[in-house]
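Reader: I am new to this structure. Could you show me how to read its features, one by one?

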Amino acid sequence: MGTLTEEIFSRKVGRTVEQGETVVVDVDRVMSHDTTTPLAIQAFRKLSQQNGGRVFNSQRSHIVFDHIIPASTIAAATLQRDIRTFAREQDISILQEGICHQVMPERGYVIPGDIIVGADSHTCTYGALGAFATGMGSTDIGVAYATGRAWFRIPSTINVRLTGTLFPGVYTKDVTFEIVRRIGVDGANYRAIEYTGELIERISVSERLTLCNMAIEMGGKAGLVAPDATTQAWLRGRTDREYPMLRPHNPSYERIVEIDASTLQPMIACPPDVNNVVPIEAVEHVKIDQVFLGTCTNGRLVDLAIAASILQGKTIHPETRMVVIPASREVYLEAMRLGYLETFTRAGASVGTPGCGPCIGRHYGVLAPGERALTTMNRNFTGRMGDPTAEIYLGSPAAVAATALTGHITDPRNYL
C-alpha cells in the first residue's frame with residue numbers, strides 16, 4: 001500500500017517496498033540519444049564482456065537521434081556515424097523521427113507500470129502514462145544497456161493536487177510555472193511528484209506530458225499521473241502489451257501542494273531560473289528577437305493548434321523571428337494535414353525538422369549576444385540557446401504566438 005511510485009516498484013520487485021529503501025530492478029526500456037550515447041557506449045564496452053558484448057535486449061534498447069539532427073557540424077556527424085556503427089553491431093534500430101520523449105510514448109514503448117531509464121533528464125516525461133521513468137548519467141545507462149538492470153532508492157513523493165478550471169488564455173504550461181514557483185527549482189530533489197486532482201482527470205495525455213516533463217525542473221526524480229480511461233484511449237492502437245491500471249493506495253505523501261487552476265493567469269518564467277515566475281502583464285514591455293515553438297514540453301499537436309489559431313491569416317512582427325519545430329514526425333504530418341504548417345510558414349515562421357532544435361543551442365535558431373527569446377522550452381538557463389548574454393523567457397504556445405505578432409511579450413488573451 002503506498003504512493004504510485006511504491007506501487008510500481010512493489011509490483012516489479014514482487015514484494016512491498018517503501019520510500020527510502022534501495023532496490024535493484026529489471027528495467028523495461030533503456031534509452032539514449034545522439035549526444036549521450038557515445039559515453040554510454042564506453043561504459044557498455046567495459047562491462048559487456050560478461051555477456052558476449054551484447055546489449056541485454058536489442059528490442060528494449062533505444063537510441064534516438066534528436067538533439068543535433070540533421071547533423072550541424074563535422075563533429076556531430078562523426079558522433080552519429082560512430083553510433084550507427086554500434087547500433088548495427090547490436091541490432092538496435094535508431095529512431096530518427098523526432099524528440100525521444102515524444103517518440104518513445106508514440107511508439108508504444110511506454111505503458112503504465114513500466115520502469116524506464118534514459119540518458120536525458122526529461123525522461124521523467126513518460127510518467128504521464130503511469131510509468132516510473134527517470135534520467136540517468138551515461139555511465140549508468142551503459143550499465144543498463146549491458147545488464148537490463150538499475151538500482152534505485154525509492155523516493156518520497158510530493159503530491160501536487162490540481163483543482164479548478166483553466167480559463168481561456170491559461171494553459172497547462174502556466175500551471176507548471178505555478179507549480180515550480182511554489183516548490184522551487186530544488187524543492188523536489190530526489191522526490192517523485194504525483195499529479196492528482198479533478199484538473200488532471202480532465203486534461204489530455206499531451207497536457208499531462210507537459211506537467212511530468214517539468215518535474216525535473218524542481219529536482220524531481222520522476223513525475224507521475226495514475227493511468228485512467230484517458231490513458232487507455234491514448235494507448236489504444238499504440239501497444240498490444242497488457243498493463244496494470246495501478247493507483248496509489250493509502251499513500252503517505254511527504255507534502256501536498258494544492259493549486260486551484262481557476263485562480264491562475266498567463267505566466268512567464270524570466271531568466272535565468274524557471275522559478276522566476278511573474279504574471280505576463282508584468283513583462284509585456286520586454287522586446288523579443290526570437291520566439292520558439294516546440295520541444296519535448298510543448299511541441300505536440302495541441303500546442304501547434306493553439307499557436308496556429310492565433311497566427312491564422314496574420315504576419316509576424318518584422319523585427320521578430322519565429323522558429324517552429326514539431327516534436328515528432330507523427331506530429332509534423334498531422335500538422336501538415338491540418339494546415340498548421342502552412343499557417344506558420346505564411347505568417348513568416350521557419351518550420352524545422354522534428355527534433356530538439358534550438359532548445360540546446362546547437363543549431364536552427366541560436367541566439368546572438370544580447371538577444372532575447374520567448375520559447376515553450378522547459379529551461380531558461382544562461383547560455384542554453386547560444387550566447388551567454390542572451391536572455392530566455394518561457395511561456396505557453398499561445399503567449400509565444402501572440403508575442404510573434406507584436407515583437408514584445410504579449411498576453412495571448414488579447415488574441416483569443
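**Reading the features**

Author: Start with T295, which counts as buried at 1% relative accessibility. Buried means under 20% relative accessible area, exposed means over 50%, and partly exposed lies in between (1.4 Å probe, protein chains only). This is a predicted model: local features need pLDDT of at least 70, side-chain atom pairs count only at pLDDT 80 or more, and totals for chains, interfaces and linings use all residues. Residues are numbered from 1 along each chain as its sequence is written, and side-chain values use heavy atoms, with hydrogens and water left out.

Reader: Where is T295 placed?

Author: T295 is in helix α10, residues 295-298. Helices (H or I, at least four residues) and strands (E, at least two) are DSSP runs, numbered from the N terminus.

Reader: What should I look for in the phi of T295?

Author: Most residues other than glycine have a negative phi, and most peptide bonds are trans. T295 has a positive phi of about 80°, although it is not a glycine. N250 also has a positive phi, near 45°, and is not a glycine either. N250 sits in the loop between α9 (229-235) and β11 (255-260). N250 is exposed, with a relative accessible area of 65%.

Reader: Which residues does a cis peptide bond join?

Author: P70 is found in the loop between β3 (61-64) and α3 (74-90). Another cis peptide bond joins P271 and P272, with omega at about 5°. P272 is in the loop between β12 (267-269) and β13 (277-279).

Reader: Now the whole chain. How many helices and strands does the protein chain have?

Author: The protein chain has 14 helices and 18 strands. Its radius of gyration is 21 Å, close to the 22 Å that the globule rule gives for 416 residues, so the chain is as compact as a globular protein of that length. The radius is taken over C-alpha atoms, and the rule is 2.2 Å times the number of residues to the power 0.38. The C-alpha atoms fill a box of roughly 60 × 50 × 40 Å, taken along the principal axes.

Reader: What share of the residues of the protein chain counts as buried?

Author: Of the 416 residues, 60% count as buried. A contact means heavy atoms within 4.5 Å. Among contacts with a separation of 6 or more, 75% come from residues 24 or more positions apart.

Reader: How far apart are the mean positions of the positive and negative charges?

Author: They are 4 Å apart, for 39 positive and 43 negative charges. Lys and Arg count as positive, Asp and Glu as negative; His and the chain ends are not counted. The place of a charge is NZ of Lys, CZ of Arg, CG of Asp or CD of Glu.

Reader: How many salt bridges does a search of the whole structure find?

Author: The search finds 21 salt bridges. A salt bridge is a side-chain nitrogen of Lys or Arg within 4 Å of a carboxyl oxygen of Asp or Glu. Take K12 and D28: their side chains meet in a salt bridge at 2.6 Å, N to O. K12 lies in helix α1 (residues 4-13) and D28 in the loop between β1 (22-26) and β2 (29-33), so the pair ties together parts that are 16 residues apart in sequence. K12 is partly exposed, with a relative accessible area of 28%. D28 is buried, at 14%.

Reader: Which residues are linked with E178 in a network of salt bridges?

Author: R181 and R182 are linked with E178 in that network. In the E178 and R181 bridge, the closest N and O atoms are 2.8 Å apart. The two are three residues apart in helix α6 (residues 172-183), about one helical turn. E178 counts as buried at 5% relative accessibility, while R181 counts as partly exposed at 40%.

Reader: Which side chain of opposite charge is nearest to D303?

Author: R300 is the nearest, 4.4 Å away. D303 is buried yet has no salt bridge. D303 lies in helix α11 (residues 301-311). Leaving out residues up to four places away in sequence, D303 touches L293, T297, N298 and P397.
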